[in-house]
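Hi,

Here is the structure I promised to pass on. Have a look at it first, then read my notes below.

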Amino acid sequence: MKTHNSEKYRPIFHFSPKKNWMNDPNGLVYFKGEYHLFFQHNPNDSIWGPMHWGHAVSKDMIEWEELDIALYPDEHGTIFSGSVVIDWNNTSGFFPKEPGMVAIFTQNLHDADHTTPIQTQSLAFSHDRGRTWTKYEKNPVLKHPTKVDFRDPKVFWHYESEKWIMVLATGQTVSIYSSPNLIDWRFESEFGEDIGCHDGVWECPDLFELPVENSEEKKWVMFVSIGDNRQFDSGSRTQYFIGSFDGSNFKVDENNNEVLWLDFGKDNYAGVTFSDIPKEDGRRIYIGWMSNWRYANEVPTVGWRGQMTLPRVLTLRKIGDKLRVIQKPVKELDNYFTKQIVIHDEIISSGIQKKIDINQSSVEIVLNVNNLGAKQFGLVLHHTENQSTTITIDLLTNLLSLDRTNSGEVSFSENFLNNQVMKIHDTTKLNLRIIVDSSSVEIFVNEGAHALTSLIYPDKACEKISIFSLGGDIQLSNSYISFPNSIRRNFGY
Ligand code: FRU
């Protein structure tokens, strides 16, 4: 008899729900020493369905504890994506005694009288650190007479104009609203009609300020996720815009028609950033849903489905003469890995494969590569004897590609087989950081300048790796491989 092991593919360092379906991260917020992760959740099945908000908390964003469901569907509909803020000054009137949490989320009503669902924005508040929630009695607080796609409110306090700002996905645009109290919303502007990629419906926007590395400069950045459209191979993905925001309008700095993608892997969607990270910390931290609508409902896990990316710190960096978003896993991750193999200085000659035994359920690989005239080099992650994922860097075209055709279970979707490719700005000296978990690979190139996030479904995370060079040599310096350390705890599953 075939037995199904529900823990097969269960990630160690990435959040996944104990049971059943999960998609977008929602309501990322820090409050009273805890990071909160709410998430799109169907608690009754491992496919998408009537959405609730699941809930997990963490002290370090790596080790999460799943709590009870935070928000259940009601007469206004199921609970779609949204955000949570701390109402420090009781602008809403919900917190006469001490500050608490307000959730602002979409309700999706699909009743017998309507062929298309009605999407409205609602509020709920919590006085006990998100453990229990009260829905606002006058929900919904924002509707639209004609717009069908009207969802995913991301709210923040805009210090300069002293009001709440909401960015909302409205079909092929992002609409910006403002409010003094989270209850009464006023339309400010609409962004995006004639700019960026419109291959699919716009979803899950976020708007925030980021510092430019090594300068005093700051810029506003808007993230917009783009839904799956069968006409395009890539499925769902996330673009971003860099510009300025005056409390009413978001304007991009330069409109040169170049679409800026956040991630060049297939599996990073609907990501948003944390609210209320303390000033002393000051980081802008992002988490994405590590899947793709093209095959999310078919991935081969049993009893649960969906996982999040690692939390990543975002900044801006000048690459060439252009600003780009930089992403790096949060430093808290370092506490979970110990350097085991160090390569101080070694030449990998053309045609030679350097094999390293790993035999771990997760591994972090950091390679600093000096190109001594090679045409191509790369790395094979041997999951088992006959399952492997190959990462190749073509030094003539500066393209990095990840091939998962032989990575294990791939038959659930044709689209899963397509190569994932990203252009690297500079390959003369390359820095690669690769984090492999039970069912994912995250690649960060040149200190976070380029990111590629990909699911894989091997029988085992990593047995061995081999590093190869072709058409010339490469030199590895200050490179290392880290294994999960002994303080790896029981994640409660
Ligand atoms: C994005 C999305 C959101 C919506 C939610 C529904 O993945 O489609 O636009 O609120 O998922 O689960």
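Below is what turned up, starting with the ligand and then moving to the salt bridges.

A quick word on the source: this is a predicted model, where local features need pLDDT of at least 70, side-chain atom pairs count only at pLDDT 80 or more, and totals for chains, interfaces and linings use all residues. Residues are numbered from 1 along each chain as its sequence is written, and side-chain values use heavy atoms, leaving out hydrogens and water.

The ligand is surrounded by 13 residues, and Asp-24, Gln-40, Arg-151, Asp-152 and Glu-203 are the closest (near means a heavy atom within 4 Å). A polar side-chain atom of Glu-203 sits 2.8 Å from a ligand oxygen, and one of Trp-293 also lies 2.8 Å from an oxygen of the ligand. On its own the ligand has 320 Å² of accessible area, and the protein covers 96% of it (Shrake-Rupley method, 1.4 Å probe).

Now the salt bridges (a side-chain nitrogen of Lys or Arg within 4 Å of a carboxyl oxygen of Asp or Glu). The whole structure has 29 of them. In one, Arg-186 pairs with Glu-188, with the closest N and O atoms 3.1 Å apart. Is each partner buried or exposed (under 20% relative accessible area is buried, over 50% exposed, partly exposed in between; 1.4 Å probe, protein chains only)? Arg-186 is exposed at 53%, while Glu-188 is buried at 15%. Elsewhere, shared partners link Asp-149, Arg-151, Asp-152 and Glu-203 into one salt-bridge network.

Cheers

Note on methods:
A polar contact is a pair of N or O atoms within 3.5 Å; within protein, one must be able to donate a hydrogen and the other to accept it, and residues adjacent in sequence count only if both atoms are side-chain atoms.
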